[in-house]
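Please open the structure in the viewer and keep the selection panel at hand. The stops below are arranged so that each selection leads to the next.

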Amino acid sequence: MSEESSETAGEPESYQSSMDIELATLSSVALARLVEEVRNEEPATAGAYDRVHNRHNR
Amino acid sequence: MQIDTVLVKVASRCNINCTYCYVYNMGDDGWRDMPALISRETVGALAEALGELARDQAKPFATVLHGGEPLMLGARRLEFVLRSLRAKLSSGHALCMQTNGMLLTSEIADICARYDVSISVSLDGPRAVNDRFRLGKQGESTHEKVVAGIEVLRRHPRAAFLYSGVLSVIDPTSDPRATYDYFKGLGAPSIDFLYRDGNHSSLPFGKESPDSDEYGQWLSRLLEAYLGDPAPPRVRFLDDMIKLCLGGFGIKEGLGQTDFGIAIVETDGTICKNDTLKSSFDGADRFTEHWSVRTHALSAVFATQEFARYHALQRPTSSTCSSCAYLSVCGGGMPLHRWKAGTEFDNPSVYCSDQKALISNVILRLRKEGLKIDPRLAERATSSPAVSV
């Protein structure tokens with residue numbers, strides 16, 4: 001078992017497999033970017049201001 | 001209570017008159033009682049208050065210059081504001097500006113670059129789309145001047161930092177692909193599309209009924225354009241929705257179930273709720289208590305029960321929402337869109353059908369790509385007879 005999968009061992013197998021997908025098989029550049037970001041996301045960053053987008057009131 | 005955004009009204013007036021504006025044209029007239037521009041004294045108090053908040057709160061927050069139109073400050077006052085704020089806020093605390101772009105000059109861009117202020121420009125699309133609602137005081141076009149302002153940013157040596165993107169209110173009767181392509185042509189690194197302000201008592205433009213999904217269909221067509229683009233910019237709303245469907249996080253309120261903390265400071269220093277609530281009823285953004293950066297510490301205000309009740313408003317209370325298969329992605333939408341005279345905010349979003357239509361299409365597309373959606377969403381979506389996935 002890899003380090004990553006041991007960290008997410010509580011999650012259903014089907015969900016882990018979505019993160020294991022080969023990005024090159026995706027037909028969309030935007031989608032590959034987003035899958036990669038979700039893979040690297042840490043729960044601690046939830047709600048943190050993201051400088052990729054300008055902040056405003058909604 | 002963790003605050004991620006302090007949005008500062010440095011000008012309470014605007015140099016244009018968008019017919020859909022929630023500040024001036026949706027029934028709230030709080031702006032009339034406010035100083036036209038933030039004073040030097042209030043800027044000083046604000047800077048002190050923000051510096052204190054930065055020491056009190058471990059998590060960095062963003063400070064957004066907003067209005068009215070923030071560039072009505074003029075170059076000299078703008079520099080004073082930014083110098084004052086930067087003296088108290090390190091580079092880890094983002095400074096941003098949301099502007100209509102009409103007054104953007106090289107001098108303004110240089111000042112923003114000097115104090116590390118990123119700029120987002122409000123523009124709804126190509127000329128015909130933009131000039132339908134975003135008009136000058138005499139009803140004249142604004143498009144050309146806004147695009148000229150964007151070009152100032154694009155030509156600046158620090159364009160990659162300064163030009164953060166565009167903010168666009170959706171016209172559901174427009175062509176989403178044409179709008180998307182237009183913004184790409186303007187070199188926008190990020191496009192933030194917004195639902196039009198409105199609620200159950202005052203339906204948003206273009207919605208035939210609360211059950212119709214004109215905006216959901218528009219966004220679904222945008223989704224196809226975005227996902228088919230070999231060199232896509234960022235589209236925040238779709239990025240958040242896709243990431244949430246994959247089990248990730250969104251970065252702003254209105255989608256997902258992460259709590260965000262935002263406070264507004266008016267030009268006189270008064271601390272208010274999210275000003276988008278103005279579109280619900282006159283004074284909806286006001287606290288019962290009168291708090292001001294001139295007299296109150298921000299941390300103390302954010303620790304009050306009244307502020308906590310406002311903060312909790314972002315979580316939907318409607319039973320329709322709590323039993324919905326898509327709650328983890330939709331999050332009940334923005335509070336302003338839940339408003340209805342009588343039941344107040346205890347309703348699903350007026351964009352509920354739109355959210356469902358778009359989420360369904362996102363899920364379909366993710367599955368088509370071989371991706372598995374968030375199991376919480378998948379389990380609830382497949383077990384709910386109300387939603388066809």
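Begin by selecting chain A, which contains three helices and zero strands. Read from the N terminus, the elements of this chain follow the order α-α-α. Of the 58 residues in chain A, 38% are buried. Please bear in mind throughout that this is a predicted model.

**Helix α3 of chain A**

Next, select residues 29–40 of chain A, the twelve residues that form helix α3. At 1.5 Å a residue the helix should span 16 Å, and the distance between its end C-alpha atoms is 17 Å, so the two values agree.

Display the side chains at the beginning of this helix. Ser28(A) caps the N-terminal end of α3(A). One of its side-chain oxygens lies 3.3 Å from the backbone nitrogen of Ala30(A). Ala30(A) is also one of the buried residues of the helix; the others are Leu31(A), Ala32(A), Leu34(A), Val35(A) and Val38(A).

Now select Glu36(A) and Arg39(A), whose side chains meet in a salt bridge with an N to O distance of 3.3 Å. Both residues belong to helix α3 of chain A and are three residues apart, about one turn of the helix.

**Across to chain B**

Select Lys243(B) together with Glu41(A), a salt bridge in which the closest N and O atoms are 3.6 Å apart. This pair crosses between chains: Lys243(B) is in helix α9 of chain B, and Glu41(A) is in the segment after α3 of chain A. Lys243(B) has a relative accessibility of 8%, so this residue counts as buried.

With both chains shown, colour the residues in contact: 60 come from chain B and 35 from chain A. How much area is buried between chain B and chain A? The value is about 3900 Å², of which carbon and sulfur atoms give 58%. The interface of chain B and chain A holds four salt bridges. There are also 15 residue pairs in polar contact across this interface, with both residues at pLDDT 80 or more.

By residue class, the side of chain B that touches chain A divides into 29 nonpolar, 14 polar and 17 charged residues.

**Along helix α9 of chain B**

Remain on helix α9 and select Asp240(B) and Arg236(B). The side chains of these two residues meet in a salt bridge, 3.4 Å from N to O. Asp240(B) and Arg236(B) are four residues apart in helix α9 of chain B, so about one helical turn separates them. Asp240(B) is buried, with a relative accessible area of 2%. Arg236(B), at 3% relative accessibility, counts as buried too.

To view a network of charged side chains, select Glu37(A), Glu41(A), Arg234(B), Asp239(B) and Lys243(B) together; salt bridges that share partners join them into one network. For context, a search of the whole structure over all chains finds 24 salt bridges.

Move on to Gly247(B), which is found in the loop between α9 and β8 (262–265) of chain B. Gly247(B) has a relative accessible area of 22% and is partly exposed; the cut-off for buried is under 20%.

**Last stop: Ser84(B)**

Finally, select residues 74–88 of chain B, which form helix α2 and include Ser84(B). Ser84(B) is buried, with a relative accessible area of 15%. Which residues does Ser84(B) contact, leaving aside its neighbours within four places in sequence? Select Val43(B) and Ala47(B) to show these partners of Ser84(B).

Note on methods
Residues are numbered from 1 along each chain as its sequence is written. Chains are lettered from A and ligands numbered from 1 in the order in which they are written. This is a predicted model: local features need pLDDT of at least 70, side-chain atom pairs count only at pLDDT 80 or more; totals for chains, interfaces and linings use all residues. Side-chain values use heavy atoms; hydrogens and water are left out. Helices (H or I, at least four residues) and strands (E, at least two) are DSSP runs, numbered from the N terminus. The expected span of a helix is 1.5 Å times one less than its number of residues. Buried means under 20% relative accessible area, exposed over 50%, partly exposed in between (1.4 Å probe, protein chains only). A polar contact is a pair of N or O atoms within 3.5 Å; within protein, one must be able to donate a hydrogen and the other to accept it, and residues adjacent in sequence count only if both atoms are side-chain atoms. Contact means heavy atoms within 4.5 Å. Buried area is the accessible area (1.4 Å probe) that two parts lose on being put together, summed over both. Ala, Val, Leu, Ile, Met, Phe, Trp, Tyr, Cys and Pro count as nonpolar, Asp, Glu, Lys and Arg as charged, and the others, Gly among them, as polar.
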